[in-house]
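Subject: A structure for you to look at

Hello,

Here is the structure I promised to pass on to you. Have a look at it first, and then read my notes below.

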Amino acid sequence: MSTSRWFRWAATGTRTLIGTAVAVGFTALVVTGISAPWPVVDLPVPVVETRPDAADTVAVCSGPVLALGRTAEEAGLISVAQEADLTVGVPEGNPQPSDGELASPQVDGDPEVPFFVATPVGNEVAVLSAASSAEVEEPDLVGFAAAACRPPLLESWIVGGTTTTGASDILLLSNPGAVTASVQLTVYGAEGPQMPPGAAGITVPAESQLALPIAAVAGGEERPVVRVTATGAPISASLQSSIVRTLIPGGLDVQGAVASAETVQVLAGVTVAGEPTAGTAATIVRVLAPTSDTEVTVTASPLGGEPGATSTTVPLTAGIPAEVELADLDEGAYVVSIEAEEPVVAATWQTAGTDAGSDFAWFTPSPVLRDETLLAVPAGPSPRLTLANRGSENASVVVRESGGQEQEVAVDAGGAAEVVLRPDALYTIDSGGADGLSAGVTFVGPGALAGVPVWPADAAAQPVTVYP
């Protein structure tokens, strides 16, 4: 073998041996790495908590009491039956809110549909509370209605209304914004969620209110639930309900929307104010599980720790509303709680009777309050504040009238308490840091029944956690 060929053979052999050794070593390293514990590097995740600039607080009122089809010649005409009284306020020392009026070209009679805007000072939240009420006594319309003026939402739920004979229910869609809103209505009924003809892409112009008879929206549904979804601008949705039984008007109500589906819904201050005609339920809870089958437990607990809580458990099929009758409730105020494994929306219908001059009301859920909440109490008979404590600790709540007296109220964990209020007045509710306090205002009088849930200040700029 020549010297040059021997060197080439030696070099090739050496490379082969080295490559084999490296491959064996790498394989051993991988096997060892898999079997041996890897080092853990625990680096803290950088977190930045920031608070966005406070936005304007907007409160939209439902407007006057409306009448539907008062004459046979114009059965579809919506007209003003009576203007509403307003109570509006801001905390002492804050600048007064600006006000505006929504156009309502569909309604005959030049309706006044007010809205209010409070602008923050610096980055402090602008606090505003407003509410309206009206009492009507006419041949075709009788009853008392009260409602809070609410901020517009991109999604909300109307849990109430019916299309049965004698019912005249009107869905109100209000857009206080500066741009047009497009609204989609999804009606949940006996056949599940449906989108009626014309219910997609409903146009609500800027600074205007659209009034729609619920019969035109929900068809023949006896117990509908309507989801209101808005794009372009948020919408404030509400429902005016009235009924005539064999030519006798049987009540009036205005209810606000339910903000969202939750696994727990609490309705504070549901009041049994009379005994209905035999065979007619006085207290009915309407409930819907929008997305998933579940089982729901409805409990009505009397105020003041009195015994006699009534509890009923029923199955729910996703997308189909159900109604739960709460029978044999004694007269008095209750906290109605609805609990389920899956999110639900709910409301309670309560009547003071079915005779001439009786009234009814829809009670909707009361959200959990923050530390301090401003409450405008509209004019009406014997207003009372119900405080419900769903938290795990006792609460000490201070209820302070603007320019008036202060009351300190103890509310046991899982319990409730009641405070007498003055009509057409402004109050501050200080929860004292309680983590589960909710509240509702109830009006009860001869031929009058209404309930208004208390909402926290919605314009608060909540902290946002940012992960860079």
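Predicted model: local features only at pLDDT ≥ 70, side-chain atom pairs only at ≥ 80, totals over all residues.

**Aromatic pairs**

The count of aromatic pairs in this model is 3. One of them is formed by F144 and F443, with ring centres 5.5 Å from each other and 55° between the planes, which makes the pair tilted. F144 belongs to strand β10 (residues 141-148) and F443 to strand β33 (residues 437-445), so this pair ties together parts that are 299 residues apart in sequence.

Another of these pairs is made by W349 and F360. Their ring centres are 6.2 Å apart and the planes meet at 35°, so this pair is tilted too. W349 sits in strand β25 (residues 332-351) and F360 in strand β26 (residues 360-363), 11 residues apart. W349 has a relative accessibility of 16%, and because buried means under 20%, it counts as buried. F360 has a relative accessible area of 4%, so by that cut-off F360 is buried as well.

**The disulfide**

How many disulfides are there? The count comes to 1. In case the term is new to you, a disulfide is a covalent bond between the sulfur atoms of two cysteines. Here the partners are C61 and C149, and their sulfur atoms are 2.0 Å apart. The angle about the S-S bond is 95°, and the link is right-handed. C61 is found in the loop between β2 (57-60) and β3 (65-68), while C149 is in the loop between β10 and β11 (155-159), so to speak a link between distant parts of the chain, 88 residues apart. Both C61 and C149 are buried.

**A serine in a loop**

Finally, please look at S392, in the loop that runs between β28 (384-389) and β29 (395-401). Is S392 buried or exposed? Its relative accessible area is 62%, and exposed means over 50%, so S392 is exposed. Leaving out residues up to four places away in sequence, S392 touches A413 and D435. There is also G414: it comes 22 residues apart from S392 along the chain, and the C-alpha atoms of the two are separated by 7.1 Å.

Enjoy exploring the model, and write back whenever you like.

Best wishes

Note on methods
Residues numbered from 1 in each chain as written. Heavy atoms only, no water. Helix = DSSP H or I, 4+ residues; strand = E, 2+ residues; numbered from the N terminus. Buried < 20%, exposed > 50% of the residue type's maximum accessible area, 1.4 Å probe, protein only. Contact = heavy atoms within 4.5 Å. Phe/Tyr/Trp six-rings, centres within 6.5 Å; stacked < 30°, edge-to-face > 60°. Disulfide = S-S within 2.5 Å.
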